[in-house]
Amino acid sequence: MDSIIETQRQTHEEIERYETALYSLLSRNQPTHEIRVQTEHKAAQVLDRISSRVTALHNSYLDEDARKAEIGTISAPAAAQNDLSEFYARLVKVQDHYNKYPDAVAGGFDMELAAILEEGNQDGLEDDYEEEDPISLLFSGEEAYGKYLDLYANHTAYNNLKNISKRLPYLQYLDILLAAQNGLLHSELSKEARATKDYEVYIQQLHDYLLSFVKRTQPLVDIQTKHQEAEVEFYQKWDDGEFVDWDESKVTKRSANTDGAGEGVWCSACQKSYSKRTVYDAHLTSKKHMKAIAKQAASETPPQNPNGTQNITAQLTSNVQLVKSRLRSSALLTYLSTSLLVVLVPTISETKSNVERRFSLTAREREQELLEQSKPPPAPTNTSGDAAAEEEEEERIYNPLKLPLGWDGKPIPYWLYKLHGLGVEYRCEICSDHVYMGRKNFDRHFQESRHAFGMRALGLPNTKHFHEITRIEDALSLAEKLKQEGRHEIFEQETMEELEDDEGNVYNRKTYEDLKKQGLI
């Protein structure tokens, strides 16, 4: 219904408003990782719409015939400048359109921009209602909104490869991926392992996942262009022979015998293929083979290979070509995966740290962490400029004497500091020369974990006998003294306790037990 000139004007206006909306999105404060990812996805949507409108606008400008026809239609000659028939004809079309669709919304584009720039529930209504986040559906639970990588499936596929030296745990597998920034990925694998079909499937899955993860976490990055440049660079290096570890001549000769129908040794008499030469030589003396040779000599027609391969050399050549094609495809995917891993080095490091941290957690702590992650983040509160200025003033606390902070986050009074003796230092050698400020903190530290760990390191019990003991030498000497006193108490118990025999004679315990052992009592 609109003319081509009006369509071009409207497209120009939409492009400018989209650019303004893009500036508003990227200039917002992004305090968390989730908000940053959401903002970048919205910005990517705006860029896609700008690109589509620029393309449509360029095509409309190329259509010069339509522009000339439109200008000729709305322009009147000098003799008929008062002729408004075309204007009224278009006015009737507009009126008929709105009479046919009376509920049509005029500001559709404004609503579209408002939906893009919306920041969530700004009215404060329906706090219990959690709006579904479409961006969170792009990530798995292990990825945590794009903070970490989920490579468990790829790790399992790597351990199931053939011809690998040993199976690696998950953390060591992440170390291998981190080493890609220093060279080509999986250079630790043998050439036979990289020439297998399993490796091609594994590296294809790894490449697809890494490419998908980069697109989801970095939507503003033109990863496709970088990908194409890396592919062109690979073909140049491949043609120049720079990939020494992927030399085809050293791998295809051995791998050609492991693919296709040309495997092992074929016996034309028995019409059977044997995987090993030793098995083939052993069956030559069997009765079955002798009967097959006799039957073959009696028949006039030559035996046929049931697999339909008459020329073994041609089949081996096809197998070599298949292995070369597979090797080149695996090398290309390995090179592209390496370029993606270089971009994701910080994310892989964060993933490794997160895995190590989760290994140290108990089952209860993991459940508590999952519950905290499932809770929605608190809505940001809009504070005025005065409130922000007050917060800045509170943050800048004047504390030249370096007094300790109280319960309100402010320095305690100086008289209270002197009253508790917080300026007096108490050093404890058992606690690795840790300094405690104030007598109260010093007395309390004897029951804390730091002092108890130091006592355990010395092989001493942390009992009340060692209270106020801060030097290692004093603690060891006191322990030796307590040990001797304990022995003296045992000796006194043996000599002071008195026992009486049947005749009424009184002896101490030690003398009584000695006489009884000798049979004198």
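**A buried histidine and a hairpin**

Hi everyone, the chain we have here has 22 helices and six strands; these are DSSP runs numbered from the N terminus, helices being H or I with at least four residues and strands E with at least two. It is a predicted model, where local features need pLDDT of at least 70 and side-chain atom pairs count only at pLDDT 80 or more, while totals for chains, interfaces and linings use all residues. Residues are numbered from 1 along each chain as its sequence is written, and side-chain values use heavy atoms, with hydrogens and water left out.

Of the 521 residues, 27% count as buried, meaning under 20% relative accessible area with a 1.4 Å probe, protein chains only.

Let's visit H186, in the loop between α7 (170–178) and α8 (191–194). Is H186 buried or exposed? H186 is buried, at a relative accessible area of 1%. Its side chain makes polar contacts with the side chains of E188, at 3.1 Å, and Y202, at 2.7 Å. A polar contact here is a pair of N or O atoms within 3.5 Å; within protein, one must be able to donate a hydrogen and the other to accept it, and residues adjacent in sequence count only if both atoms are side-chain atoms. Leaving aside residues up to four places away in sequence, H186 touches residues including Y158, Y173, R194 and L206, with contact meaning heavy atoms within 4.5 Å.

Strands β3 (residues 425–428) and β4 (residues 434–437) run antiparallel, joined by four bridges; strands pair if DSSP finds at least two bridges between them. C428 has H434 in β4 as its bridge partner. Five residues lie between the two strands, and S432 in the turn has a positive phi of about 60 degrees.

Terms used:
Buried means under 20% relative accessible area, exposed over 50%, partly exposed in between (1.4 Å probe, protein chains only).
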